[in-house]
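Dear colleague,

Please find below the structure that I am handing over to you, with its sequence. My findings follow directly after it.

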Amino acid sequence: MSDTTICELSVVIPVYNAVKTIRRCVDSVLAEVASVDCSYEIILVDDGSTDASLAVCTEMSQKNKHILVFTQKNAGPSTARNLGIKMAKGKFIAFNDSDDEWLSGRLSVLLNELKADDNIGLVSAKYGTCHRAGKRTEITYNREVFHNFFSPPTSVFRRQAFVCGFCEDQKYSEDMRFLLDFMQTSKCICIPFLATIPIFEKCVFADSGLSAHIWLMEKGEIKNILYAHKIKKINCVVMILAMLWSFVKFVRRALIFALIRIKKITRPSKSGKEVRYA
């Protein structure tokens, strides 16, 4: 990645079959950029979409010179993010996903945190529906292996602190792996406020798609814990405890997922009779 910067902020958004959400996603980013009055570029990476996503992205780029569009054969969000990072020219780099929207005020908080301390390389916040308050936390390896603090759509990092991209060979829990690598050379902070939400309601770990494969997600998390031990960032005791805690979380998720499936299969009709769906 070149050292030349042409703007203050680059926003990287992987796009795959997001024709229903990409405009709202980009509009939320544009609103936030305008609120902090910084120079910017929005990098849309179409990951081989089979719908009209690329056409919509191209249309937006023609109307706004700060929106850039790149394409690749379908290879997944990690590869798309890596391409976006490679093309980015901003001092800071932020992520969003094509079916998520940024909330008002989030960019100011994250950028101010980075600007206040040059030792901080990455700042992350919360995603989804969690409004529960918490304390500003410096992310350590011992904390990260018990709870992943990093969600790409809620994060901004300093371009100069970037050392490696997303692991393209890891399909599940690759965001946690990214942070484990990033933390080797940079201080990372989590500010516990809700920064990004899904455009359409979805269950974070029990919906359709990749997140439905909770066992594969569990294997990815275990792989990350073993990786943290391999690079000597956690000791054997922490590794074992983290793996046990990860399995407890997996069992909880599996039970919730089973209940969701039962509710989808069996629902009461208006007449009170049981209705079963194939």
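Strand β6 (residues 120–127) pairs in the parallel sense with strand β9 (residues 187–198) over 6 bridges, where two strands count as paired if DSSP finds at least two bridges between them. Helices (H or I, at least four residues) and strands (E, at least two) are DSSP runs, numbered from the N terminus. Within this pairing, Y127 has T196 of β9 as its bridge partner. β6 also pairs with β8, here in the antiparallel sense and over 2 bridges, and V123 has V156 of β8 as its bridge partner. Of the 8 residues of β6, 7 are buried, so the strand is largely enclosed by the rest of the structure. Buried means under 20% relative accessible area, exposed over 50%, and partly exposed in between (1.4 Å probe, protein chains only).

Please note that this is a predicted model, in which local features need pLDDT of at least 70 and side-chain atom pairs count only at pLDDT 80 or more, whereas totals for chains, interfaces and linings use all residues. Residues are numbered from 1 along each chain as its sequence is written, and side-chain values use heavy atoms, with hydrogens and water left out.

The pLDDT, which is the predictor's confidence in each residue from 0 to 100, has a mean of 88 over the chain, and 87% of the residues reach 70 or more. Over residues 203–211 the pLDDT is below 50, and this stretch has 19 contacts in the model beyond near neighbours in sequence; a contact means heavy atoms within 4.5 Å. The pLDDT is also below 50 over residues 271–278, a stretch with 13 contacts beyond near neighbours in sequence.

As to the chain as a whole, it contains 8 helices and 11 strands. Buried residues account for 47% of its 278 residues. Of the contacts between residues at least 6 apart in sequence, 80% join residues at least 24 apart.

Strand β1 (residues 7–15) runs parallel to β4 and is joined to β4 by 5 bridges, and S10 stands opposite I93 of β4. The pairing of β4 with β8 is antiparallel and comprises 3 bridges; in β8, F157 is the bridge partner of I93. β8 itself pairs with β4 and with β6, antiparallel to β4 and to β6.

Returning to β9, this strand contains L194, which is buried because its relative accessible area is 14%. The C-alpha atoms of L194 and W102 are separated by 9.4 Å, although the two residues are 92 residues apart along the chain.

Turning to the helices, α1 (22–36) and helix α2 (residues 53–63) pack at an angle of about 35 degrees, with their axes 10 Å apart. Axes are lines fitted to C-alpha atoms, for helices over the stretch in contact, and angles run from 0 to 180 degrees between N-to-C directions. The contact is made by I22, R23 and V26 of α1 together with V56, C57, E59 and M60 of α2. These residues divide into 5 nonpolar, no polar and 2 charged, where Ala, Val, Leu, Ile, Met, Phe, Trp, Tyr, Cys and Pro count as nonpolar, Asp, Glu, Lys and Arg as charged, and the others, Gly among them, as polar.

In helix α3 (residues 77–87) lies N82, which counts as buried because its relative accessibility is 17%. Leaving aside residues up to four places away in sequence, N82 touches G165, F166 and E168.

Finally, two backbone angles deserve mention. Most residues other than glycine have a negative phi. D37, however, has a positive phi, near 50 degrees, and is found in the loop between α1 and β2 (40–47). S173 likewise has a positive phi, of about 60 degrees, although S173 is not a glycine; its place is in the loop between β8 (156–158) and α6 (174–182). Is each of these residues buried or exposed? D37 is exposed, with a relative accessible area of 71%, whereas S173 counts as buried at 16% relative accessibility.

Yours sincerely
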